[in-house]
Amino acid sequence: MDWLPLYLSAKLALVTTVILIILTAPLAYILAFCRFPGKTLVEALVNLPVVLPPTVLGFYLLIYMGPQGALGRLWEACTGTSLIFTFPGIVLASLLYSLPFAVQPMRAAFEKLDRRLLESAHILGLYPVATFFRVVLPNARGGLIASAILVFAHTLGEFGVILMVGGSIPGKTKVASIAIFEAVEALRYREAMILSLTLIPVCYLILLLVNLLNRKSAYGS
Amino acid sequence: MKTRLTILGLAICLVFPSLARAGDKLMVAVAANYMVPFQEIRELFVKKYHIEVEQTFASTGKFYAQIIHGAPYDLFLAADEQRPKLLFDQGLATEPFIYATGRLIVWTAKADLRQAKNWQDLIKSSAVQKIAIANIENAPYATAAKIALEKVGLWDSVQGKLVFAQDVAQVFQYAHTGAVDVGFCPLSVMGNDLGQSGFYLKVDQAPPIVQAACVIKNSKHREAAEELAAFLTSAEVMAIKQRIGYE
């Protein structure tokens, strides 16, 4: 029994979650508080991965992350290694794929913040950046955690995009969903069963946690 | 009222397309390596016999798993002899017959790899960082590639460079888009313009890939399936096959 795919899935989900939460917190903040022309367009763009077939994302990533693609060349210039069919490659794919799941709960949490808190911070002379870190983030903790859990779960279940840009390399890009798919196709049902049975309680626990958090934030903690 | 009925009717047709068009097409499962010749063969067959043909391309192992679970194919063109025989042994298919023998090549889109004298040199070249190969369990061309790599003692040293595709069609896609430097493909990829845009070397150490086909016993179009099966080994089809790189 090969447990590497499960470890790889967890690693991918964890790395994606950490990077995505850090990267998208400012974006969610801007979407929650700022008004600017074209905001609706940006919102739609952020949400695109929800409705886009993973194959569409996979197709473009395959082209752009390849050695001739813009992203692939940029990565190679910076790191000296190629991007496609590597772990960083599927992390990048996951970042795009899970982007809306990071932005939406955080944005909702930011919007629910008491504006008077922000105004007080402003009046007391706190800089906007400091306000963000010392007032906004601590008060939107529930939203941040919800985002993190959703991104983690969504990345754990990612399949189509990785199938197209992963290359199923053991220990690098062969995550659990791909390993299960290949085990089923090769009629290795026992292996597929074990991997699947491991994933079900993990995903169930994650959802349970999200529900608990939601209830907590609904009733006030 | 009338518009509502029309909408309802349309919705029903969308949900159950088989009502609108009874399943009168021959469904053929074709191993991905045979994509290029099969498209020509199909055109000829449809013209001659007036039987509609619908085909799906995937790896042999994938189709085998689907057929065991009752996938509604009428005819199965595999890339090995083993799977059709297994289906026959289980009483799921009629006796298999060989319809083609294919060859393995390494294919590259990179102009700077054209100097390589043989495929081993190409694989060993320092410019080759990534090599695509199909799923070894499911794709017979990948199995052949593994055998060849083992024979020349390169299997262990290429491990870090291998990228695994679902079938040989995806291998070619990876190689053609430049996502990998080299791919283990069937010779038949040279049968279309995309293949001609690159450079290939034959893998002599790989065994010839003997490909068998069988009619699925559950087929609702048994007669039509038998007809297409017979057509696969006709002189007309032979000419197409040979031009595209099959024996």
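What is the volume of the largest cavity?

## The cavity

The model is a predicted one. Its largest cavity has a volume of about 50 Å³. A search of the whole structure finds one cavity of 30 Å³ or more.

The largest cavity is lined by residues of chain B, namely B:A31, B:A32, B:N33, B:A58, B:S59, B:T60, B:A79, B:A139, B:P140, B:Y141, B:D167 and B:V168. As to how such a space is found, rolling a probe the size of a water molecule over the atoms shows where empty space is left.

## Residue B:P84

B:P84 sits in helix α5 of chain B, which spans residues 82–89. Because the relative accessible area of B:P84 is 0%, and buried means under 20%, this proline counts as buried.

Beyond its neighbours within four places in sequence, B:P84 has contacts with B:A78, B:P96, B:A212 and B:C214.

## A nonpolar patch on chain A

On the surface, A:F59, A:Y60, A:I63, A:Y64 and A:L71 form a nonpolar patch. Together these residues have about 460 Å² of accessible area. Helix α3 of chain A, residues 54–65, contributes the most to the patch, with four residues.

A:L71 belongs to helix α4 of chain A, which covers residues 70–79. Is A:L71 buried, partly exposed or exposed? Its relative accessible area is 33%, so A:L71 is partly exposed, the class between under 20% and over 50%. Patch members must have over 30% relative accessible area, and the 33% of A:L71 is the value to set against that cut-off.

## Chain A as a whole

Chain A contains 11 helices and zero strands. Along the principal axes, the C-alpha atoms of chain A fill a box of roughly 65 × 40 × 30 Å.

Of the 221 residues in chain A, 43% count as buried. Its accessible surface comes to about 11800 Å², and carbon and sulfur atoms account for 70% of that area. Among contacts in chain A between residues at least 6 apart in sequence, 72% join residues at least 24 apart.

Note on methods
Residues numbered from 1 in each chain as written. Chains lettered and ligands numbered in written order. Predicted model: local features only at pLDDT ≥ 70, side-chain atom pairs only at ≥ 80, totals over all residues. Heavy atoms only, no water. Helix = DSSP H or I, 4+ residues; strand = E, 2+ residues; numbered from the N terminus. Buried < 20%, exposed > 50% of the residue type's maximum accessible area, 1.4 Å probe, protein only. Contact = heavy atoms within 4.5 Å. Patch = residues over 30% accessible without salt bridge, like charges linked within 9 Å, V, L, I, M, F, W, Y side chains within 5 Å. Areas by Shrake-Rupley, 256 points an atom, 1.4 Å probe, with all protein chains shown as cover. Salt bridge = Lys/Arg side-chain N within 4 Å of Asp/Glu carboxyl O. 1 Å grid on protein atoms, 1.4 Å probe; cavity = no way out; pocket = protein on both sides within 12 Å on 5 of 7 lines; lining within 4 Å. Points joined across faces, edges and corners; volume = space filled by probe spheres on them.
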